[in-house]
Amino acid sequence: MSHQRVVSGSPEGPLLSIGVFARRSRLSIKALRLYDRQGVLVPAFVDPSSGYRQYRETQLETARLIGRLRRLDMPLGLIRDVIRASGQQRVDLVSGYWDDVERKRAYQRELASHLWVQLSGNHGGFEAFPVAEREVGEQLVLIESSHVSELEIDSWVTTTLAKLETAAEQFGGVTGPSMVIFLGDVSDDGDGPVEVCVPIDPGLSATPGHDSRRERAHWEAFTRITRAQYQHPQVLSAYDAVDHWIEQTGNIGIGYPREIVFGDRVSAQPLDYICDIAQPIR
């Protein structure tokens, strides 16, 4: 027996109870309540005293679209954007999301291959990343840090480097390679934080209006990589090669891993050297 309630004369069609709407949309009542809280699919009517939800029959098409998008594992925030968009914009949002999914799957496939080699005890891949050590003098650096996602980090680092390099001009300019220091993991489960450092004249005593820090003199292990090697998962092998060298030589890693940047990652050719993967040691 149907429990739908028809509102006479409504141009938007009848109101359906949440149970009927759930059955006809093939979504669970629990899911409908979640979508309401997230603003993805809001009921047409909510009883102010009981909180009982009712939906228009015309909302069924939207509900079924949400169900299909969820089967793509699309996050609710993006689904909300798709629902609010129209025409080609909807197509572009779904297409862009799926392109990101395929890029991530390709990265995960390569990472799995990298881990199979690593876990099998085969360190032959480290030969592509010769490691050396060097002494680094004390530096005065302009700094900016932020929590960033895996998708945001490249654009954030590029923008922040440009901003700090511009700021350095009032202190005589940049005096050496900039650094990107990873104070935490940047992945699906972590967002750093990440710190960008641009060196300026170490003889200065203050940098008004800018965050700064003195980096102590230290030794570091490093390997130099090309633009092609900077791609995932090859870059992970570079980090692993540095860690392996530190362990094999009896050194101890201190502080945080970093990328010493001296090339433009955007315009660099595949075989151009763009940065060192480095780890301070003692």
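Predicted model: local features only at pLDDT ≥ 70, side-chain atom pairs only at ≥ 80, totals over all residues.
Local features are reported at pLDDT of at least 70 and side-chain atom pairs only at pLDDT 80 or more, whereas totals for chains, interfaces and linings use all residues. Residues are numbered from 1 along each chain as its sequence is written, and side-chain values use heavy atoms, with hydrogens and water left out.

Most residues other than glycine have a negative phi, and most peptide bonds are trans. Against that background, Gly192 and Pro193 are joined by a cis peptide bond, with omega about 10 degrees. Pro193 sits in the loop between β8 (190-191) and β9 (194-200); helices (H or I, at least four residues) and strands (E, at least two) are DSSP runs, numbered from the N terminus.

Positive phi values come next. Arg26, in the loop between α1 (18-25) and α2 (29-37), has a phi near 65 degrees. Asp73, in the loop between α3 (60-70) and α4 (76-84), also has a phi near 65 degrees. Arg26 is exposed, at 64% relative accessible area, and Asp73 is exposed at 58%; exposed means over 50%, buried under 20% and partly exposed in between (1.4 Å probe, protein chains only).

Gln229 lies in the loop between β11 (218-226) and α7 (234-249) and counts as buried, at 19% relative accessibility. A polar atom of the Gln229 side chain lies 3.0 Å from the backbone nitrogen of Thr226. Beyond its neighbours within four places in sequence, Gln229 is in contact (heavy atoms within 4.5 Å) with Ala128, Phe129, Arg224, Gln234 and Val235.

Methods: Polar contact = N/O pair within 3.5 Å; in protein donor to acceptor, adjacent residues only side chain to side chain.
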